[in-house]
Amino acid sequence: MSVKLLLQFVLALFMVVAGVAHFRKPRMFMGIMPPYLPYPRELVLLSGVAEVLLGVLLVVPQTTRLAAWGLVALFVAVFPANVHMALHPEKFRKIPRALLWLRLPLQGVLILWALWYT
């Protein structure tokens, strides 16, 4: 198995696990949502569905490219939540401030990772 294929499965698994977490702990994810976004619960559940679905589709050869582009769009869409967290560390006391800021460039890494499969 090539490194690229192995990392494709790792990304897919990461997305499925993250997506399922949206349903197991929706309140936690609702707390991450910027207050200017409407319907936080619905958006959390929708993003969870998207993460699970795109993670699964990433490993289906016929849908890999489409799923990868979907992941890129998803990573861009959730970026404001990461910015919100970094700008309001007092709301996320259990997460070190440095980690809140490191999440921002991590989104770029995730985007590049997904782009590898387009």
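So, to start: what percentage of the 118 residues of the protein chain count as buried? It's 33%, and I'm using buried for anything under 20% relative accessible area. Keep in mind that this is a predicted model.

Now the fold. The protein chain has five helices and zero strands, so if you trace along the sequence you read α-α-α-α-α.

On to overall dimensions. Taken along the principal axes, the C-alpha atoms fill a box of roughly 45 × 30 × 20 Å.

What about contacts? If you take those with a separation of 6 or more, 63% of them are between residues 24 or more positions apart.

Then the surface. We get about 7500 Å² of accessible area for the protein chain, and carbon and sulfur atoms account for 74% of that.

Last bit, the annotation. UniProt, in an unreviewed entry, lists "transmembrane region" for residues 6-23, 43-60, 66-87 and 99-117. I looked at two of those spans in the model. Residues 6-23 come out as 100% helix and 0% strand, with 27 Å between the end C-alpha atoms. Residues 99-117 are 89% helix, again with 0% strand, and there the end C-alpha atoms lie 27 Å apart.

That's what I've got, so over to you for questions.

Conventions. Residues numbered from 1 in each chain as written. Predicted model: local features only at pLDDT ≥ 70, side-chain atom pairs only at ≥ 80, totals over all residues. Heavy atoms only, no water. Helix = DSSP H or I, 4+ residues; strand = E, 2+ residues; numbered from the N terminus. Buried < 20%, exposed > 50% of the residue type's maximum accessible area, 1.4 Å probe, protein only. Contact = heavy atoms within 4.5 Å. Areas by Shrake-Rupley, 256 points an atom, 1.4 Å probe, with all protein chains shown as cover. UniProt positions renumbered as here; feature names shortened; annotations may be inferred.
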